[in-house]
Amino acid sequence: VDSNRFQSSTAFVQAFFYVGNVVGSAVGQFLVSYTGVANNLTVLFYISWAFTTSGLVVYLTFLPPPVHEPPPSAFHVIRTQGLRAAIKELNCLYERPIVMIWSCW
């Protein structure tokens, strides 16, 4: 996602997440209140499982290509350049305080 569209894209994803929670809760409550599902929770499980699986399929179908090349793994750096280079690389990744805070989160 372009940096100038990052906020709107993030808001779009979060909005659909919360709308999905509200709709799922409403459908579940409707099924429990107005059908015989309340006596058989297995049906609710399979409905939830179906919607979760369909969400995974949609996610995998519309997954965008990566914008940036991922950094090399620590094991790759250790194997190819040595432990000292790996420690230096990790220090570079976590030198900004905001990155350290998000990593602890």
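Does Ile101 count as buried or exposed, and which relative accessibility does Ile101 have? The legends below take up this residue and several other places in the model, which is a predicted one.

**View 1. Ile101 in helix H5 of the predicted model.** Ile101 is found in helix H5, which covers residues 97–104, and with a relative accessibility of 56% this residue counts as exposed, because exposed stands for a relative accessible area over 50%. Phe75 lies 26 residues from Ile101 in sequence, and the C-alpha atoms of Ile101 and Phe75 are 24 Å apart in space.

**View 2. Met100 and the residues it contacts.** Met100 is also found in helix H5, where its relative accessible area of 39% makes this residue partly exposed. When neighbours within four places in sequence are left aside, Met100 is in contact with Tyr94 and Glu95.

**View 3. Val99 and the residues it touches.** Val99 lies in helix H5 and, at 25% relative accessibility, counts as partly exposed, because this value falls between the limit of 20% for buried and the limit of 50% for exposed. Not counting residues up to four places away in sequence, Val99 touches Leu93 and Tyr94.

**View 4. The packing of helix H3 against helix H4.** Two packed helices are described by the angle between their axes together with the distance between those axes. Helix H3, made of residues 74–81, and helix H4, made of residues 83–93, pack at an angle of about 145°, and their axes are 7 Å apart. The crossing in which H3 passes H4 is right-handed. On the H3 side, Ala74, Val77, Ile78 and Gln81 take part in the meeting of the two helices, while on the H4 side the residues are Leu83, Ala85 and Ala86.

**View 5. A nonpolar surface patch that includes Leu56.**

Definitions and conventions:
Residues are numbered from 1 along each chain as its sequence is written. This is a predicted model: local features need pLDDT of at least 70, side-chain atom pairs count only at pLDDT 80 or more; totals for chains, interfaces and linings use all residues. Side-chain values use heavy atoms; hydrogens and water are left out. Patches are made of residues with over 30% relative accessible area and no salt bridge: like charges are joined within 9 Å, nonpolar side chains (Val, Leu, Ile, Met, Phe, Trp, Tyr) within 5 Å. Accessible areas come from the Shrake-Rupley method with a 1.4 Å probe; for residues, only the protein chains shown count as cover. A salt bridge is a side-chain nitrogen of Lys or Arg within 4 Å of a carboxyl oxygen of Asp or Glu. Axes are lines fitted to C-alpha atoms, for helices over the stretch in contact, and angles run from 0 to 180 degrees between N-to-C directions. Helices (H or I, at least four residues) and strands (E, at least two) are DSSP runs, numbered from the N terminus. A crossing is left-handed if the near helix is turned anticlockwise from the far one by less than a right angle, and right-handed if clockwise. Contact means heavy atoms within 4.5 Å. Buried means under 20% relative accessible area, exposed over 50%, partly exposed in between (1.4 Å probe, protein chains only).
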